[in-house]
Amino acid sequence: MNSDNKSDIDESKHNRKVLVLFAHPAQTRSEVNVPLFADAQAIEHVTAVDLYAEYPDFNIDIEREQQQLVDHDIIIFLYPLYWYSTPSILKEWQDLVLEYGFAYGHEGTALKGKQFLCAISAGGKEEAYQTDGFNHFTIRQLLQPLEQMASITHMTYLAPFALFGSRTAQEEHRISDHRRKWTTLLNKLVKGELNMEKAMNIENLADLCTQSGE
Amino acid sequence: MTGYFLYAFIYLVAAVIAVPIAKRLGLGSVLGYLIAGLVIGPVFGLVGDETTTIQHFAEFGVVMMLFLVGLELEPRSLWAMKSKLLGLGGLQLGLTAALITAAAIALGQPFGVSLTIGLIFALSSTAIVLQTFQEKGLQQTEGGKSAFSVLLFQDIAVIPMLALIPLLAIPELASSAAEHGSSSESHNNLSLVEGLPPWGYGLVIISSVAFVTVGGHYLSRPLFKFVASSHLREIFTATALMLIIGIAALMGLVGLSPALGAFLAGVVLANSEFRHELEANIEPFKGLLLGLFFITVGAGINFGVLSDNAVLIAALTITVMLVKAMVLYVIAVVFKLRESNKWLFTLSLAQAGEFGFVLLSFASQNYVLPSNIISVLSLVVAISMFLTPGLFILFDKAIMPRYQGSKTQREQDTIDEQGSVVIAGIGRFGQIINRLLVANDVKTVVLDIRSEQIDLIRRVGTKAYFGDASKPDILHTAGAHDASLLVIAIDDKDTAAEMVKYAKHAYPNVKVLARAFDRGHGYRLRQLGADYVVSETYHSALEMGAEALRSLNIHPFHVERQKMAYKNIEDQQNDMLYKAWIDDASGERIDNNYLKLFIELESLIKNALKADLHDKHSKMRGWTPPPKGYAEKLEHDEIPDNE
């Protein structure tokens, strides 16, 4: 770890603000994402937004969402992987909020320098997400549209924070471990302690968030 | 008394028989009335001397017609017409009068007589032309608008003519009449301006015109509001009649044309919220009086004079109509009227008009024309009017087809007048609909029977009119026949049902959206033909229920889904319930199937919503995760071939 010995005031000044945009349309059936969302709500300097609760009729407030983006340093999409993509409200959110002139284009630099990552749960096993596996592509490959979204909006794209085999994670007691890693990740992001070099290039960010550190 | 009834009955029978026949034969109602008059007058001699008296009375139809024409014209559009009015109208009147005057001089008439004849024949028939335009839907064409400008100018020009004609009096005629003790003197007795110096006369005229405009603008509103608050329809009709008759009387007193005064009042009231109600009230009177007027024209044809001077009258009529048509054609070319419009303009105005009769009798009272000339000229005016429907038929049959190709283009031009929405009822319900439509640039016509409500709505800048939308004639004047939608948003259940029934019957092409009080009322409206029905409380209750669930911390998106599930089941069951309702209502079933189905709906909704709420792995669809362990199965299963 490379934390500096600075005063409390200085430290709080260096705290990054994290925005978790959570999308899950059937939360009564959620076993992974709802607990992760609750964890995020409990951490200081993290703003956790339930998009389906905010906009049940998809009537997204563009102004408000853009301001929220401006007010934060790190943007996280938290969602279950649906057909190798996001639940529909996150796509709607992208289509509406990431406007030309705001997020991209000649004068669209509002997101410049921010960091972006996806926190996903996938039903398939990790082995399935390989070029020679059942799904034929790695998870990073499948998320390339979002990677390119980050690129064109001048954000730094970090590896996805992924839980595979999520349908049986509860039975296999893997969820609490994953939640710990999630909390670690969020805390590191807030404090700016994440190794960016590794975070950008690793396959799964969860592997970087073990309790013992790197 | 019985005598009057008898005459009235004869007139009505003639009209009732002749007009529908003429209409069916494609001759138009005007010709039907004229023929009716011809049959009861000179042909069978059922009516006689009283026709002139009736004609004076029936001329009031023209006054009403100009009032209605004025109602359609806002002051702004009148101002926009000014160049057309002066250009087309001025040229037509000046050229025609000059040519006919010259012709009369050439035939050996003195100048005064010739000029009077020229002026009389320069006028055309507002009654026939506008009535026919309306019937054939020609008002909005370029030719129709131009013809209207000319007619309006002529109506205005009648005033200076009435002032000019007495100056042309022939001294010998006047003195011989004085010896006999003139009876026509009494006709002019009622006048405010007699004996006034010219400046006083001018002052009286200006102040009475000012009274009509200013009074019409400021006094009519409180008056109509006061009357409307009584909710008595016949009193509103009485008020409308009072207004027009009052104006006509005032104009008569100061020596102005009543028609022009009524037109002015109409223009002043064109912006009023009472416009459509006024139109609906006056329209039947106007129609009947005009019909009566046309009958008297037909009945007044004097066969004796006609047969004695047949050749002369025929020659004169043809000459007059040719000269008029020629002048009109030249003007049409100068003003660049295109194709069919040029011919419409030329043919529609080629007759002499009802003001011709007025000027003739005025001229005789003032000893300008000798009586033998007057009886011949009356026939020329009448016959030229008689021939006008023929000219319209010529236009329809011979000229229109030649330009049929360009006609479709023309219709596209007027599309901005179409596609509007009539909203009946502008209470809490209608306001929301209107706001939504207006915000999307949809032209709406808003009607309500509560004048306070109209007042309020007008204050926020909505075009709303006072009127009982359940009255067929109000719906018509509001443009229901041209509208693409009729929104019925009125409180009264039975009136709403009647309106749906009437609207679907009278305007089968207009889509009707109706607000229902409850389920049963909704089914009734649907049965009567409403295209879309919504219960006034359904959506708001559903929203309130959703808010209640959200307040109990149920996830908003889940609440949204429950709402949709509710709607889906409601929609699915609705048709079945409706059919059961019809069976029950018509008494075909005695087992009260409807009630059974209604109870079934209740439990269906309850079960469907409950399943989703409590059972995590229910059969309810929507983001159901695959079963646990599906991933292994997927990888190891052979996918069966679908062959």
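A nonpolar core here is a set of buried Ala, Val, Leu, Ile, Met, Phe, Trp, Tyr and Cys residues joined through side-chain atoms within 4.5 Å, with buried meaning under 20% relative accessible area for a 1.4 Å probe, protein chains only. This is a predicted model: local features need pLDDT of at least 70 and side-chain atom pairs pLDDT 80 or more, while totals for chains, interfaces and linings use all residues. Residues are numbered from 1 along each chain as written, chains are lettered from A in the order written, and side-chain values use heavy atoms, without hydrogens and water.

Start by selecting B:Phe67, B:Phe121, B:Phe294, B:Phe345 and B:Leu369, the residues with the most contacts inside the largest nonpolar core, which has 138 residues. Its largest share, 15 residues, comes from α20(B) (helices are DSSP runs of H or I, at least four residues, numbered from the N terminus). Then hop to A:Tyr52, A:Phe77, A:Ile120 and A:Tyr157, which are among the 37 residues of another core, apart from that one.

Next, the interface: 21 residues of chain B are in contact (heavy atoms within 4.5 Å) with 22 residues of chain A. The two chains bury about 1900 Å² between them, 58% of it on carbon and sulfur atoms; buried area is the accessible area (1.4 Å probe) lost on putting the two parts together, summed over both. Pick B:Phe557, B:Trp623 and B:Lys628: in chain B they lose the most area to chain A, together 32% of what that side buries.

How values were computed
Buried means under 20% relative accessible area, exposed over 50%, partly exposed in between (1.4 Å probe, protein chains only). Helices (H or I, at least four residues) and strands (E, at least two) are DSSP runs, numbered from the N terminus.
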